[in-house]
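Hi,

Here is the structure I promised to pass on to you. Please open it in your viewer, and then read on for what turned up when I went through it.

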Amino acid sequence: MPAVESNMFPLGKQAPSFALTNAVDGRLVRLDDVKSDVATVIMFICNHCPFVKHVQHELVRLANDYMPKGVSFVAINANDAEQYPEDSPENMKKVAEEFNYPFPYLYDETQEVAKAYDAACTPDFYIFDRELKCVYRGQLDDSRPNNGIPVTGESIRAALDALLAGRPVPENQKPSIGCSIKWKPTS
């Protein structure tokens, strides 16, 4: 399957609100529940994509490094679980528990949230400031499966470090690359 780049959500645009079920504990989670007064990182991921599997440990490390600094993280899976059963809520729970996700892992069954964020691939990353305005969208870092570059989270870390230091986040941002979101067939 060919890799797809993210659509590059407009900088400065407000984060679309959502209310989605956390696959781990069954609770409804709203954007307002996870919003941070520092920064909010929203990640579109899934279970089966090799690009996500390549960075899973770094997602956990990144969240564990920045959550104590007041940054919140949330992951959303919008893949069609009928066509891709590995991405079902039951399997989302297993993966979240296996990797000790310190963030909610939400299921976007209707795919409306992914569409509102113009998400295109897994993984796809967004950082919003305290006012929920987009300051970063794009890649985790330059690492891809089999390219030999270590997974460091460098791009996201640089954006978060700038926000935490009160500096503007550089606007020159690279799109994420990954598997396409598995959209439900339209009738």
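I will begin with the rings: a search of the whole structure, which is a predicted model, finds 11 aromatic pairs. One of them joins Tyr117 and Tyr126 in an edge-to-face arrangement, with 5.5 Å from centre to centre and 75 degrees between the planes. Tyr126 also pairs with Phe128, and here the planes are at 5 degrees and the centres 6.4 Å apart, so this pair is stacked.

If you select Phe9, Phe44, Tyr117, Tyr126 and Phe128 together, you will see one aromatic cluster.

One more ring deserves a look. The charged end of Lys69 sits over the ring of Tyr66, 4.7 Å from the ring centre.

In soluble globular proteins, nonpolar side chains tend to be buried together. In this model the largest nonpolar core holds 38 residues, and Met43, Phe73, Tyr101, Ile127 and Leu160 have the most contacts inside it. Which elements give two or more residues to this core? They are strands E4 (39-44), E5 (71-77), E6 (105-107), E8 (124-129) and E9 (134-138), along with helices H2 (50-66), H3 (89-98) and H5 (154-164). H2 supplies the largest share, eight residues. Apart from this core lies another one of 22 residues, and among them are Phe9, Ala78, Tyr117 and Tyr126.

- Phe73 is in strand E5 and counts as buried because its relative accessibility is 2%. Leaving aside neighbours within four places in sequence, Phe73 is in contact with Val41, Met43, Leu62, Ala63, Tyr66, Met67, Phe103, Pro104 and Leu160. Phe73 and Phe103 are 30 residues apart in sequence, while their C-alpha atoms are 5.6 Å apart in space.
- Leu160, again not counting residues up to four places away in sequence, touches Ala39, Val41, Tyr66, Val71, Phe73 and Ile127.

Two packed helices are described by the angle between their axes and the distance between the axes. For H2 and H5 that angle is about 10 degrees, and the axes are 12 Å apart. Angles under 35 degrees count as roughly parallel, so H2 is roughly parallel to H5. Which residues meet where these helices pack? From H2 come Glu58, Arg61, Leu62, Asp65 and Tyr66, and from H5 come Ile156, Arg157, Leu160, Asp161 and Leu164.

Leu11 gives another view of the fold. This residue is in the loop between strand E1 (4-5) and strand E2 (19-22). Is Leu11 buried, exposed or partly exposed? Its relative accessibility is 30%, so Leu11 counts as partly exposed. Beyond its neighbours within four places in sequence, Leu11 is in contact with Cys134, Val135, Tyr136, Arg137, Glu171 and Gln173. Leu11 and Ile127 are 116 residues apart in sequence, with 9.7 Å between their C-alpha atoms.

- The peptide bond from Thr122 to Pro123 is cis, with omega near 0 degrees. Pro123 is found in the loop between strand E7 (121-122) and E8.
- Asn100 is not a glycine, yet its phi is positive, at about 55 degrees. Asn100 lies in the loop between H3 and E6, and at 57% relative accessibility it counts as exposed.
- Asn146 likewise has a positive phi without being a glycine, in this case about 70 degrees. Its place is in the loop between E9 and H5, and Asn146 counts as exposed because its relative accessibility is 82%.

Terms used. Residues numbered from 1 in each chain as written. Predicted model: local features only at pLDDT ≥ 70, side-chain atom pairs only at ≥ 80, totals over all residues. Heavy atoms only, no water. Helix = DSSP H or I, 4+ residues; strand = E, 2+ residues; numbered from the N terminus. Buried < 20%, exposed > 50% of the residue type's maximum accessible area, 1.4 Å probe, protein only. Contact = heavy atoms within 4.5 Å. Core = buried A, V, L, I, M, F, W, Y, C linked by side-chain atoms within 4.5 Å. Phe/Tyr/Trp six-rings, centres within 6.5 Å; stacked < 30°, edge-to-face > 60°. Lys NZ or Arg CZ within 6 Å of the ring centre and 35° of its normal. Axes fitted to C-alpha atoms, helices over the stretch in contact; angles between N-to-C directions. Parallel < 35°, antiparallel > 145°, perpendicular 65-115°, else oblique.
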